[in-house]
Amino acid sequence: EKPMVSVLLKSEKERSMLEKDTVSSSFLVLPPIKSSLTYIFKHLQHEHPKIVDMLQEADNEWLNLLLNEIDMSEQLILFGKRERRKDGTRPFHVVKSEKKATTLVHHIALGGENMVQQRETLIKMLVNVDKKENSGNDD
């Protein structure tokens, strides 16, 4: 049986402040880069509430990465409409976190002035996903 490893999402600034002794070997500390997101979604693919928890606890660099650095094909997989999802999961932006029972949309809305850019980016991304999903449809 593999030992459980907890994943920490830390910005470069936060990572540099972590002392080696304070992070045990049971933690995997990931930097805010696209390959980290790929790792998270691959290894926690059916645990979206846990991923939402991690993103809500991380700093804005992680939200910026999620909203700005993934391409349209990945956005469609994560944020596309429920009825088009073959795996039965909900679109990522409406998944509630385990700890706070809030969605990323709610988290960003409550973020005040610190998250104005994230709100605008999320709205634009969701509009683009909707357009892409519905292109060529008559409804």
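Me: I'm new to this one. How many of the 10 residues of helix 3 (residues 48–57) are buried?

Reply: A word first: this is a predicted model. To read burial, look at relative accessible area: under 20% counts as buried. In helix 3, seven of the 10 residues pass that test, so the helix is largely enclosed by the rest of the structure. They are H48, I51, V52, D53, M54, L55 and Q56.

Me: And what share of the 139 residues in the chain is buried?

Reply: For the chain, buried residues come to 35%.

Me: Let me step back. Which elements does the chain have, and in what order do they run?

Reply: Start at the N terminus and walk along: the order is β-α-β-α-α-α-α-α-α. That gives you seven helices and two strands. Take the contacts between residues at least 6 apart: 55% of them join residues at least 24 apart.

Me: Now helix 5 (residues 72–79). Where on the helix do its buried residues lie?

Reply: Here's the general idea: an α-helix has 3.6 residues a turn, so residues three or four places apart point the same way. In helix 5, the buried residues are Q75, L78 and F79. Look down the helix axis and they fall within an arc of 75 degrees, so they line one face of the helix.

Me: Which helices do the buried residues of helix 5 pack against?

Reply: Three partners: helix 2 (34–43), helix 4 (60–68) and helix 7 (116–134).

Me: Two of those are helix 2 and helix 4. At what angle do their axes cross?

Reply: For a pair of helices, check the distance between the axes and then the angle. These two axes come within 10 Å and cross at roughly 85 degrees. Angles from 65 to 115 degrees count as roughly perpendicular, and helix 2 and helix 4 are therefore roughly perpendicular to each other. On the helix 2 side, the contact is made by K34, S36, L37, I40 and F41, and on the helix 4 side by W62, L65 and L66. By type, the residues of this contact divide into six nonpolar, one polar and one charged.

Me: Let's zoom in on S36. Is S36 buried or exposed?

Reply: S36, which sits in helix 2, has 4% relative accessibility, so it counts as buried. Leave aside its neighbours within four places in sequence, and S36 is in contact with L30, P31 and W62.

Notes:
Residues are numbered from 1 along each chain as its sequence is written. This is a predicted model: local features need pLDDT of at least 70, side-chain atom pairs count only at pLDDT 80 or more; totals for chains, interfaces and linings use all residues. Side-chain values use heavy atoms; hydrogens and water are left out. Buried means under 20% relative accessible area, exposed over 50%, partly exposed in between (1.4 Å probe, protein chains only). Helices (H or I, at least four residues) and strands (E, at least two) are DSSP runs, numbered from the N terminus. The arc is that of the directions from the helix axis to the C-beta atoms. Contact means heavy atoms within 4.5 Å. Axes are lines fitted to C-alpha atoms, for helices over the stretch in contact, and angles run from 0 to 180 degrees between N-to-C directions. Angles under 35 degrees count as roughly parallel, over 145 as roughly antiparallel, 65 to 115 as roughly perpendicular and the rest as oblique. Ala, Val, Leu, Ile, Met, Phe, Trp, Tyr, Cys and Pro count as nonpolar, Asp, Glu, Lys and Arg as charged, and the others, Gly among them, as polar.
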